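Please look over the protein shown below before reading the briefing that follows. The points after it are grouped by topic.

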Amino acid sequence: MLFTSPLKSSSIRIMLLGSGELGKEVVMEAARLGIETIAVDSYPNAPAHLVANVTHVVNMKDRDALLEVIRREKPSFILPEIEALSIEALEDAEKEGFHVIPNAEAVKKTMNRKNIREFAAKELGLLTSAYRFVKSFGELQAAAGEIGIPCVVKPVMSSSGHGQSIIRSEAELVRALEHAKEARGDASELIVEEFIPFDYEITLLTARTEKETVFCEPIGHHQEDGDYVLSWQPMDMPENVLEKARMMARTITDGLGGRGIFGVECFIKGEDVYFSEVSPRPHDTGMVTLITQSQSEFSLHVRAVLGLPLDFVFYGPGASAAFKSSSEASVPVLDVPDGAFDKNAFIRIFGKPVSHVGRRMAVALVFDEVEKAKAKAQEIAASIKG
Ligand SMILES: Nc1ncnc2c1ncn2[C@@H]1O[C@H](COP(=O)(O)OP(=O)(O)OP(=O)(O)O)[C@@H](O)[C@H]1O
Ligand SMILES: NCC(=O)N[C@@H]1O[C@H](COP(=O)([O-])[O-])[C@@H](O)[C@H]1O
Ligand SMILES: [Mg+2]
């Protein structure tokens with residue numbers, strides 16, 4: 001593969017649609033290869049804006065605005081980093097010859113729970129929780145009656161748990177409908193899912209090109225209110241169950257096609273592996289790979305996008321713990337304890353320009369045996385103030 005200095009007309013140009021903490025790491029990996037980066041988001045000074053060559057602030061749900069910036073910048077590759085994008089703009093861009101990662105159809109399927117769930121369950125025959133789609137309170141009541149309580153209600157388009165509720169009694173259905181409106185994407189339709197009382201859940205990071213597919217060690221994680229707070233790698237699990245998860249990950253990623261890394265989310269109950277959802281991009285729980293692998297999920301994403309070899313080494317166990325802000329600040333200040341700078345500890349401060357209560361602002365990473373790493377990462381995250 002030939003590389004040119006960035007900003008030359010022949011250089012490879014990667015455009016990130018979404019410029020949060022995950023995009024920032026992708027931009028830095030691309031920059032390490034001398035690739036020019038263009039970071040787009042809906043607000044200025046987003047994390048990836050801080051490190052990219054070119055930045056844009058665009059309403060990415062606006063088809064014309066998004067297409068305009070793509071046509072103007074003429075990127076070699078377009079990497080969606082969030083779900084709430086104008087899919088029509090990506091479809092048009094693809095028709096015009098732009099390379100969308102992994103491809104516009106896969107982005108369309110995964111951005112909406114209805115598309116990806118029906119694809120996984122009906123077309124690919126993967127095991128999932130029972131589910132129904134509803135548009136009104138009456139339909140929600142009927143679906144909860146059929147599926148049973150507890151169940152989980154989520155907007156068809158949302159992420160990081162926004163607008164999601166676990167229903168434990170029928171009385172909670174009204175609040176779930178209201179809460180769903182907090183979705184970042186589209187709450188005009190909701191999915192009602194059977195609650196799976198899983199033993200544990202994993203993200204199986206799967207990188208693919210036309211030539212090969214590689215799996216990272218499974219990542220175990222804890223979620224609070226549908227958002228990740230702690231992840232660790234590897235998740236200790238029986239080899240036969242892991243093999244089932246790998247087969248599921250291969251089926252879904254082959255089904256979606258294209259190049260890039262995918263975060264395949266599975267629930268494990270006994271020997272059963274349920275497909276939950278998949279991100280066609282790096283996954284928040286996968287930030288732990290920044291310290292556990294010779295090629296992190298971000299590096300693997302860039303390599304896959306470029307069609308490069310995907311082989312890597314697992315260095316050893318580690319954990320990550322998210323720091324979420326407890327304040328509303330227009331100039332966020334994080335007070336980080338010295339422990340975050342111990343020899344086996346790392347802190348990534350995203351540099352978000354504004355904090356809100358509950359907004360993820362940083363992540364603590366610890367390289368150690370899993371239980372020790374989890375405890376220390378949590379201790380660091382808990383002692384950050386801001
Ligand atoms: N059917 C279910 N049964 C049990 N727990 C569930 C179910 N659906 C979701 N959860 C819990 O809620 C978490 C978030 O759900 P999900 O991944 O669907 O939401 P999300 O908003 O897309 O999150 P993200 O964007 O962070 O991946 C899951 O990781 C799991 O812990
Ligand atoms: N689970 C999806 C996820 O972690 N996405 C990451 O969070 C950012 C949005 O953060 P914000 O809401 O604080 O702007 C996204 O841009 C992406 O990096
Ligand atoms: Mg998820």
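## Domains and overall build

The C-alpha centres of domain 1 and domain 2 lie 31 Å apart. The protein is divided into domain 1 (13–100), domain 2 (130–194) and domain 3 (200–383), with bounds that come from an automatic or database domain assignment. This is a predicted model, in which local features need pLDDT of at least 70 and side-chain atom pairs count only at pLDDT 80 or more, while totals for chains, interfaces and linings use all residues. Residues are numbered from 1 along each chain as its sequence is written, and chains are lettered from A and ligands numbered from 1 in the order in which they are written.

**Fold and dimensions**

- The protein has 11 helices and 18 strands, where helices (H or I, at least four residues) and strands (E, at least two) are DSSP runs numbered from the N terminus.
- A box of roughly 60 × 50 × 45 Å, taken along the principal axes, is filled by the C-alpha atoms of the protein.

- Leaving aside neighbours within four places in sequence, L79 is in contact (C-beta atoms, placed from the backbone, within 7 Å) with residues including I14, V26, I101, R281 and V305.

Conventions
Contact = placed C-beta atoms within 7 Å.
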